Amino acid sequence: MTNGGRISRRTVLRGLGTVVSLPFLEAMRPRLLAAAATATGQAAAPRRLAFIYVPNGAIMDDWTPTTEGANFALPTILEPMAPYRDELLVLSELTCDKARPNGDGAGDHARASSAFLTGCQARKTAGANFRSGISADQVAATRLGERTRLSSLELGIERYRGTGNCDSGYSCVYEHTMSWRSSTSPLPNEVDPRLVFERLFSDQSNDPSRLKRNRLRASVLDAVIADARGLEGRLGGADRQKLDQYLTCVRELELRIARAETLPPIQPPPGVVRPESVPADLAEHFHLMCDLMVLAFQTDVTRVATCMFGREGSELKYKMVGVSEGHHELTHHRGDPDKIDKVRSINTFHIEQFAYLIGKLKAIPEGEGTLLDNCMIAYGSGNSDGNRHSHDNLPILVAGKGGGSLKTGRHLRFPKETPVNNLWLSLLDRMGAHLEQLGDSTGHLEGLS
């Protein structure tokens with residue numbers, strides 16, 4: 001940086017009632033901290049944690065690597081992760097026991113998503129007396145949220161439904177969220193990119209009428225460009241380039257959201273109602289939500305996020321990969337090769353979206369490395385074999401090095417029936433949110449570092 005000063009990590013650009021948070025810049029690092037980071041090899045940038053949920057399990061024979069350790073070959077479904085293989089941990093034999101009936105009968109889909117991050121047995125009720133447990137993301141949000149504008153960000157693809165009976169006597173709330181602030185406080189997902197963008201970049205002190213007026217104003221960047229020019233004089237060359245790259249990305253994302261809203265609507269799958277401003281193109285919707293998560297982490301608006309690539313039991317139709325039947329319907333394939341092939345195509349499409357997210361994070365410089373280096377992005381499902389509704393040996397990935405705290409590029413196999421919540425405890429530790437137990441956890445995972 002120049003002029004011997006330092007820019008606060010909370011510095012923002014303001015204009016016309018809009019707030020744009022800045023990416024991590026070298027000028028935001030105290031000199032002593034930067035020197036210490038260089039000397040120890042540790043990242044000075046904050047760590048971020050995200051959980052990506054995919055519904056209905058996977059074709060596990062085409063998901064699981066055949067060998068363990070660093071020399072594993074990517075199986076068919078994971079092939080889109082080839083460019084990021086060295087940034088990846090594939091974790092086998094982790095189990096979500098509380099997704100099982102345990103005496104409660106049918107309802108595996110509702111239990112799968114509600115137990116995935118909580119490790120708690122959902123109360124079987126279709127009424128308002130639902131109960132699960134605090135989720136791993138909200139443990140991190142509670143411990144670390146005061147350091148950022150938003151304690152957490154909950155995203156999704158399918159609109160949230162919090163009432164009614166969705167799965168064999170279980171409230172719809174269980175299928176439609178993975179985040180629980182407390183055992184009785186589920187957090188709804190936001191599926192509208194426009195509303196997410198406003199939440200990230202609009203001044204939270206404004207009243208609703210002013211937020212509405214802001215939509216009619218010029219581009220967010222046009223409102224803050226003068227402020228940005230004033231800041232440039234305090235930045236070094238690398239920081240100026242990074243700021244320009246970031247502001248360009250914000251402008252492009254804003255324009256893409258506006259353009260997506262002009263596309264003609266399509267008929268949604270049965271039971272799914274899309275908000276008006278959700279893109280008609282499903283792949284574009286995935287990309288926009290991933291881009292918004294990246295922006296939220298890049299600007300340090302939040303360090304904790306979740307995104308459901310579909311509600312549990314989802315019947316989304318993936319026509320872009322040649323699948324016109326509902327997702328959940330196909331997972332009950334009963335060995336039909338054609339249905340198995342279609343589920344495999346859906347699984348691969350989801351991994352392609354995950355690879356898109358990881359690629360975006362890896363492309364952003366931060367500190368001595370990239371934004372991805374300071375992230376831990378977990379991906380998985382509370383179901384493994386959707387045909388049998390099994391909840392052992394889940395499809396689980398973690399991408400990113402967690403600020404140097406994870407040794408990636410490996411396939412690790414743990415003892416059978418190891419709770420997936422043991423992984424969440426281990427990631428929370430690396431976020432500085434230590435817990436002795438979360439849900440049905442039995443300890444921390446060894447061998448991640």
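The model is predicted. Its protein chain averages a pLDDT of 85, and 76% of the residues score at least 70.

**Confidence**
- Where pLDDT is low, the predicted coordinates should not be read in detail.

**Helices α5 and α9**
- Helix α5 spans residues 193-201, and helix α9 spans residues 282-298.
- The two helices pack at an angle of about 5 degrees, and their axes lie 10 Å apart.
- Angles under 35 degrees count as roughly parallel, so α5 is roughly parallel to α9.
- On the α5 side, the contact involves Pro193, Val196, Phe197, Leu200 and Phe201.
- On the α9 side, these residues meet His285, Leu288, Met289, Leu292, Leu295 and Ala296.
- By class, the contact of α5 with α9 has 10 nonpolar residues, 1 polar residue and no charged residues.

**Cavities**
- The model has 3 cavities of 30 Å³ or more.
- The largest cavity has a volume of about 50 Å³.
- Its lining is formed by Val54, Pro55, Gly57, Ala58, Trp63, Asn347, His350, Tyr379 and Pro395.
- By class, the lining of the largest cavity has 6 nonpolar, 3 polar and no charged residues.

Terms used: Residues are numbered from 1 along each chain as its sequence is written. This is a predicted model: local features need pLDDT of at least 70, side-chain atom pairs count only at pLDDT 80 or more; totals for chains, interfaces and linings use all residues. Side-chain values use heavy atoms; hydrogens and water are left out. Axes are lines fitted to C-alpha atoms, for helices over the stretch in contact, and angles run from 0 to 180 degrees between N-to-C directions. Helices (H or I, at least four residues) and strands (E, at least two) are DSSP runs, numbered from the N terminus. Angles under 35 degrees count as roughly parallel, over 145 as roughly antiparallel, 65 to 115 as roughly perpendicular and the rest as oblique. Contact means heavy atoms within 4.5 Å. Ala, Val, Leu, Ile, Met, Phe, Trp, Tyr, Cys and Pro count as nonpolar, Asp, Glu, Lys and Arg as charged, and the others, Gly among them, as polar. pLDDT is the predictor's confidence in each residue, from 0 to 100. On a 1 Å grid over the protein atoms alone, a cavity is a set of points where a 1.4 Å probe fits but cannot get out, and a pocket is an open set with protein on both sides within 12 Å along at least five of seven lines; lining residues have an atom within 4 Å of a point. Grid points are joined across faces, edges and corners, and a volume is the space filled by probe spheres set on the points.
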